[in-house]
Amino acid sequence: MLDVGANVGNHSVYLAAHFNKVLAFEPNPIALKYLSDNVKTNNRANLEVCSIGLGKEDAVLPFYVDQGDNLGMASFSPQNANEERVSKPDHLLQIRRGDAVVEEKTVEDIDFIKIDVEGFELDVLTGLQETIRRHRPMVTFEFHGHQQQQNQFEALKALFPGYRFYEPVFWMDASMGSLEKLRYRLRYGATPLMKEIITPEKRTYENIVAIAAQDQLKAVCFSPQIAGH
């Protein structure tokens, strides 16, 4: 799997137990230190940390950080940087075109891509369009619908030929007790309840799940990390 915007590694470290190989991309030098420490602490030998961001082309771009020290709010997106809590650019950091990195890493089979890049999703997905076409992975990403125009969602969809888009609207939460989890499994089976997105609402979607084939739904875990909560 590819974890694009790995931050301190919560998703990467957890999911490394479920994938043969995880490539975790994080350009923020502060988050990168925590990410590297988490990989060592959890002994994830199959998790490779890549100290770059991904985008539509190789470049060095301004990187914006949160004034309140929220590492998860950092972004290459100038639009995201206009929000109240995000400061002027603090760094110039490297990004690479995702398809080129995948080719260099000689990755043979990509099953899952998680993207959390605070408004930079279109650039990341544009740079990964050959990877998506070739490997047909399940992909999760945010969509800031309150900031975007309808044609920008259409531009995203165009990068996923043959895909359908869903939002997890109910899943087995980690806070549930054992009996509640058993009831959920018996009632709903092995997947969260998913609502198909045809026309997005003007709001932030914390997770859009792009699925190439319906049987991929069966592979969605109950993990709250995958659900984004």
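**Reading the salt bridges**

Reply: First, the ground rules. This is a predicted model, where local features need pLDDT of at least 70, side-chain atom pairs count only at pLDDT 80 or more, and totals for chains, interfaces and linings use all residues. Residues are numbered from 1 along each chain as its sequence is written, and side-chain values use heavy atoms, with hydrogens and water left out.

Me: What does the protein chain contain in helices and strands?

Reply: Helices (H or I, at least four residues) and strands (E, at least two) are DSSP runs, numbered from the N terminus. Here the protein chain has nine helices and eleven strands.

Me: How many salt bridges does a search of the whole structure find?

Reply: A salt bridge is a side-chain nitrogen of Lys or Arg within 4 Å of a carboxyl oxygen of Asp or Glu. The search finds 13. One of them pairs Arg96 with Asp58, with the closest N and O atoms 3.1 Å apart. This pair links distant parts of the chain, 38 residues apart. Arg96 sits in strand E6 (residues 86–97), and Asp58 in the loop between strand E4 (53–55) and strand E5 (59–66).

Me: Is Arg96 buried or exposed?

Reply: Buried means under 20% relative accessible area, exposed over 50%, and partly exposed in between (1.4 Å probe, protein chains only). Arg96 has 16% relative accessibility, so it counts as buried. Across the protein chain, buried residues make up 48% of the 229 residues.

Me: Which salt bridge does Glu130 form?

Reply: Glu130 meets Arg134 through their side chains, at 3.4 Å from N to O. Both lie in helix H6 (residues 129–135). They are four residues apart, which means a separation of about one helical turn. Glu130 is partly exposed at 29%, whereas Arg134 is exposed at 58%.

Me: Where do Glu196 and Arg164 lie?

Reply: Start with the contact itself: the closest N and O atoms of Glu196 and Arg164 are 2.8 Å apart, in a salt bridge. Glu196 lies in strand E10 (residues 193–196) and Arg164 in strand E9 (residues 164–170), so the pair ties together parts that are 32 residues apart in sequence. Glu196 is partly exposed at 30%. Arg164 is partly exposed too, at 37%.

Me: Which residues do shared partners join into one network?

Reply: Look at Lys21, Glu48 and Lys105. Salt bridges with shared partners join these residues into one network.
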